[in-house]
Amino acid sequence: MRRLAPVLLLLAATLCGCGYHLADRQGNLPEGVNTLYVQLFANRTAVPYVENLITDAVISRFSSKRGVTLVEDRQSADAVLSGKVIGYSTAAVAYNGNEVAALYRTTITVQASLKRADGKVLWKGVVEWSEHFNASPDKNVQDDNETAVQKLVADRLAQDLYTRVTDNF
């Protein structure tokens, strides 16, 4: 039993922190919020255009869900979802036998809030996601790998943001 305790503790910690949720569960926005405006996220990083990638992924995620109508005019929205990209990092996490980077991890952090048209904060929080990509001696391939992982991270962040925003209502 003593050997099993650390394993169970690790398993419990992993499941509690992994963001697990029921896949088919439809989240709900607060009562009275039928239309949503997604504001272009701000970029507080040195990575150009990452805010566009995040905003596009968030719009795509919210528009694919029933019960949410996105509008292009802030004035006609019941609520506004806004945010800013507050962190971006890419770091080597594995090396080959020659001590050359073989694997990188990209992490993007976003701070967001959902506010009613009258300014009342309905939800606010921080979401972060990381993914790995393979290193390459060819700089163009390396850049393509990082671009692909940026898109994946943006999609995962958008899903996590959607889940968090709709879980409480």
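1. Buried means under 20% relative accessible area, exposed means over 50%, and partly exposed lies in between (1.4 Å probe, protein chains only). By that rule K151 is partly exposed, at 43% relative accessible area.

2. A note on the basis. This is a predicted model, where local features need pLDDT of at least 70 and side-chain atom pairs count only at pLDDT 80 or more, while totals for chains, interfaces and linings use all residues. Residues are numbered from 1 along each chain as its sequence is written, and side-chain values use heavy atoms, with hydrogens and water left out.

3. The structure holds 3 salt bridges. The term covers a side-chain nitrogen of Lys or Arg within 4 Å of a carboxyl oxygen of Asp or Glu.

4. K151 pairs with D155, N to O at 3.0 Å. Both sit in helix α3, 4 residues apart, about one turn of the helix. Helices are DSSP runs (H or I, at least four residues), numbered from the N terminus. D155 is partly exposed, at 29%.

5. K139 bridges to D143, with the closest N and O atoms 3.0 Å apart. Helix α3 spans residues 139–167 and contains both partners, 4 residues apart. K139 is exposed, with a relative accessible area of 56%. D143 is partly exposed, at 31%.

6. D160 and R164 form a salt bridge, their closest N and O atoms 3.2 Å apart. This pair too lies in helix α3, 4 residues apart, about one turn of the helix. Is D160 buried or exposed? D160 is buried, with a relative accessible area of 13%. R164 is partly exposed, at 36%.

Methods:
Helices (H or I, at least four residues) and strands (E, at least two) are DSSP runs, numbered from the N terminus.
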